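Here is a short briefing to keep beside the viewer. Take a look at the model first, and then walk through the topics below.

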Number of protein chains: 2
Amino acid sequence: MASDSVTPAAPDWRARCKAKKQQQQEAIPRAWLIETPPDDVLNVLDVPYKCGLLTPREIEITDTTDVGALLSKLASGQWSSVEVTTAFYKRAIIAQQLTNCLTEIFVERALQRAQEVDDHLKVTGKVMGPLHGLPISLKDQFKIKGLETTMGYASWIGKYADSDSVLTQILYECGAVPFVRTNVCQTLNWGETFNHVFGRTTNPWNRYLTCGGSSGGEGALVAMKGSPLGIGTDIGGSVRIPSAFCGLYTLRPSYERLPYAGAVNSQEGQESISSVPGPMTNAVSGVKLFMKAVLDSKPWNKDPLAVRKEWSDKEYALSEHGGGGQLSFAIMWDNGLLKPHPPLWRAMRMCKAALEDAGHKVIDWQPYQMLEIFRNAESIYAADGGHDFHVVCEESGEPVIQTMSPDTNKHDLALDEPLVQTVLGPEKKMLTAWELWQLHKEKRSLRKAQLDHWQATANQTGTGRPVDAIISPAAPYVAPPHGLNNDYFYTTFCNAMDYATSVVPVTFVDEELDRPVPPHEFYNHHDEANYKLYDPKLFHGAPVGLQLIGRTLEEEAVIAMTEILDNALGKYRAAARE
Amino acid sequence: MASDSVTPAAPDWRARCKAKKQQQQEAIPRAWLIETPPDDVLNVLDVPYKCGLLTPREIEITDTTDVGALLSKLASGQWSSVEVTTAFYKRAIIAQQLTNCLTEIFVERALQRAQEVDDHLKVTGKVMGPLHGLPISLKDQFKIKGLETTMGYASWIGKYADSDSVLTQILYECGAVPFVRTNVCQTLNWGETFNHVFGRTTNPWNRYLTCGGSSGGEGALVAMKGSPLGIGTDIGGSVRIPSAFCGLYTLRPSYERLPYAGAVNSQEGQESISSVPGPMTNAVSGVKLFMKAVLDSKPWNKDPLAVRKEWSDKEYALSEHGGGGQLSFAIMWDNGLLKPHPPLWRAMRMCKAALEDAGHKVIDWQPYQMLEIFRNAESIYAADGGHDFHVVCEESGEPVIQTMSPDTNKHDLALDEPLVQTVLGPEKKMLTAWELWQLHKEKRSLRKAQLDHWQATANQTGTGRPVDAIISPAAPYVAPPHGLNNDYFYTTFCNAMDYATSVVPVTFVDEELDRPVPPHEFYNHHDEANYKLYDPKLFHGAPVGLQLIGRTLEEEAVIAMTEILDNALGKYRAAARE
């Protein structure tokens, strides 16, 4: 099968990748090249302030993490879109030089668009739409007419889009300025970010650690404040893992709440557990503004799969949750398959204390049928035996990547056997359509049992309602060293159940506070390997994010509850500092 | 493979079916047996009035086709649920004796339930819910705790449900009285109604003709006014075909708008084109009341797949259709694959005239990519090569039914080769999961192209909006003789596109008005066979129903537009009589 399918005209895949990378490098304005710190400088978040490329005003603009504040300055004309886009573009290029987070760079085109938006405001006195003038970064799946979309595949180099994806189109209609595209992992099926075309993206909090993936380019870029709002996608955790690892807010909406039409994807047509777009940002306001803008645009008139369900202010006001006065949360301290590391437990204790201080109820979540759900979901992801990935790679002869590790011997803590990578590696036997239907049957009954399990919490909460949301780790660890992010089930659980789920940054690893704990009775050998992975010095300073898990198609309520948790944490942290 | 899988304890499948049928017969109260007319009496709709079983009050009750009127008499206590249920039960048993439309008969249990509802009203002074006291018939898929659900399979005889399906549960909570279950075709994959357990259901308008299927038991029962509201399911036309053939109103809601959890099904786990429940009734008010009642019960709290989308009065007020003042409709006179028979054309001309008289716009619908959609949908239905049906049949040794014809030589107009029955017959090769994904990719792009095609009508309608709904045949013929309903694409088109679609009864075949037309240039040999099938004498008096096709998840608007069409037709018919 291997390289026979490569057409004679196709150059060697390595040469193609090299040329593309060269072309990317040349797209960077010379004046924006900075003197980069050596590789052993791990935390690079301060470089934008010190490298001299950004003016104080550009620092002020890009440090404005509240998207609402940015939008109101853009709408009033206080800041033009050209200057805001320029500022973020420069900072994005700094991020690129430090973390290798970008794919497509198109400065001139983005600034032309920003000028168009500015002109519109000048001529009409009105904003172009609810995202007027806002630069937005896009994961390397959302097509922009006239640009390549490689998605990290050598064989897709040179594929120029003849139309915008529906989401891109809506962003344009909303007045936004798509200004850069961001890196992914090959196949999109890893929780890290590495491919043969653009290479590896690192975590700006600590470049020895992964930024997560597959929307890891967005994770690194937004953490560097090189973009106020990035759009990733999530089929097993791909917006939540990088957000948790990079200290960001995100939302994984339910299947088809947001339009995916016209975007490229892996395993396209796999509709059992659908990939979904989701925003990644430095303040929760960005999540809400993006969701409302896209839903107000009636995406179902452009994408036939998009759910016809308007943004609901009523649901955002927590109409289904007693109006939000007193909520009840359940904490999933441990999913029973891999016990989270100490910093995650401390973060969950902080949430419990903060929410209780704010008058809410907090109980323990009892995990239920987790292994069954895990096996069902993994079998679905692997239903084609990896055929899709192999087909795309064989077009160029590029191999399917088998590990995210930069050097398999570098980390002596490597998990002995990957828990989840059932679809990567050599191509395996495909399921038949009928076998896939049996997995769907099983998934339906697992979802029904999980729903009933959730509903049954009504008699434990004291609010008269079932638990309003679950708080859970997004991974059993914070960002691990490259090649070691091998467990995705804390996030995949939500994809399998189709739960609207956010990520909230809670704290940072503190080697003093987060001491190792004595070994527990290990659930399995992965759990044991995970226990051994914990090293407070290694992880010190890494962001700790948690998931807030709501119900299917409950995006508005999840955003509202995320705000409530975020406010409660803010007060709690302020009180702790006093 | 054949009968090896039958356990030694299992009796011969014929004996099992015979015993079950005997048991069904014995469930009929002796006093409710009537003297039935001979088989050559074709139209049996007048039998309830003449057979002497129903009292004048029972006739008055069961002739109340407006479900709203029934509900208000039940709510006021003017009619008790016991007497309403008794009246409909008696008429259902009459229907059974004439058309063989029932499966499970459980008079005592239903009357106990009715008594419970009556007692509730007496004690509390309040109705139990929005469907207080209303007898409702269910297709033989919706489980009722303690009763068998055979779905026409010999191997499922003796399967007693240990819980209600979610929809049954919701109907109970709404105060309804599930009182009878209705016949289906084996596999549910035919547009007629015949299985080895219960036999064939006939059309009460003309027993020589099929009642349609697979919800054909409901079709015959509701047409006989043996039930005020029946619940069927639809994966390719199964509520719309029997409704069109039996002169009823129905709605095929979008995927997962209504809860399906806990119901038995064919090809369970096939989620590419999902089966959906839908109401069948004699007046459109029943459709609305049922949909609103079920959605107001928040089915997403019981069925994890049910879309979290409340009943919307705003959408029912046609907020997306200019408020409903002036609408625009497009008529699909012909889908380009099979040309409808003359009565369908007359019915469409009536709609056009009636709507124009009412001030609406009517244009022609241009069919687009119909053959591609047909092929994609049929390939999806056949993805398991029929394995599901064979597995269930092999449990008892019962053969998979290969034709609905009572006698293959009886009708010399038989279509030479079935157009759609690709999954029935001998088991065929299954697709792989990856091949199924390729069909999903294709389906997504067909849906996107169709959406864009629909949106593009905005510049033809004169309303500033795209066409508000399409009016189309539900089949290229009215109810044909048994065994001859072989084309489902007029309905399947809507399942494939996931269009919310109703059926409206328009008129009746009139051998004087609906003269044969000269042959057209045939699209294919099925089209030719279909042309030759038309015989005004054979079809004289049969109901002619049409589809009103709206967008995905637009159930409220489709109901509102169905009412508008129905009112317009009422006025048009009244004017024609003057």
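Let's begin with one residue pair: A:T507 has A:V544, in strand 15 of chain A, as its bridge partner. Please keep in mind that this is a predicted model, in which local features need pLDDT of at least 70, side-chain atom pairs count only at pLDDT 80 or more, and totals for chains, interfaces and linings use all residues. Residues are numbered from 1 along each chain as its sequence is written, chains are lettered from A and ligands numbered from 1 in the order in which they are written, and side-chain values use heavy atoms, with hydrogens and water left out.

- Helices (H or I, at least four residues) and strands (E, at least two) are DSSP runs, numbered from the N terminus.

**The annotated binding site**

- An unreviewed UniProt entry places the feature "binding site" at A:L188, A:S214, A:I235, A:G236, A:G237 and A:S238; UniProt positions are given in the numbering used here, feature names are shortened, and annotations may be inferred rather than shown by experiment.
- These positions span 51 residues in sequence, yet no two of their C-alpha atoms are more than 10.6 Å apart, so they gather at one spot.
- A:I235 sits in the loop between strand 8 (229-234) and helix 9 (240-246) of chain A, and counts as buried because its relative accessibility is 18%.
- Not counting residues up to four places away in sequence, A:I235 touches A:Q270, A:I273, A:S274, A:S275, A:Y381 and A:N495; contact means heavy atoms within 4.5 Å.
- A:G237 is in the loop between strand 8 and helix 9 of chain A, and is buried with a relative accessible area of 0%.
- Residues up to four places away in sequence aside, A:G237 touches A:G213, A:P242, A:T491 and A:N495.

**Backbone features worth a check**

- Most residues other than glycine have a negative phi, and most peptide bonds are trans.
- A:G213 and A:S214 are joined by a cis peptide bond, with omega about 0°, and A:S214 lies in the loop between strand 7 (206-210) and helix 8 (216-223) of chain A.
- In chain B, the peptide bond from B:G213 to B:S214 is cis, with omega near 0°.
- A:L318 is not a glycine, but has a positive phi of about 65°; A:L318 is in the loop between helix 11 (313-316) and strand 11 (328-331) of chain A and counts as buried at 3% relative accessibility.

**Two residues of helix 5**

- A:S81 is in helix 5 (residues 81-99) of chain A and is buried, with a relative accessible area of 0%.
- A polar atom of the A:S81 side chain lies 2.9 Å from the backbone oxygen of A:G133.
- A:K90 is found in helix 5 of chain A and is buried, with a relative accessible area of 10%.
- Leaving aside neighbours within four places in sequence, A:K90 is in contact with A:W32, A:L53, A:L54 and A:E58.

**How the two copies relate**

- Chain A can be laid on chain B with an RMSD of 0.0 Å by a turn of 180° and a shift of 0.0 Å along the axis, using least squares on the C-alpha atoms of residues with pLDDT of at least 70 in both.
- The two copies are thus related as by a two-fold rotation axis.
- Of the residues of chain A, A:T432 comes closest to the rotation axis, at 2.0 Å (C-alpha).
- The same surface serves both copies, as 100% of the contact residues of chain A recur in chain B.

Technical notes
Pairing = 2+ DSSP bridges. Buried < 20%, exposed > 50% of the residue type's maximum accessible area, 1.4 Å probe, protein only. Polar contact = N/O pair within 3.5 Å; in protein donor to acceptor, adjacent residues only side chain to side chain.
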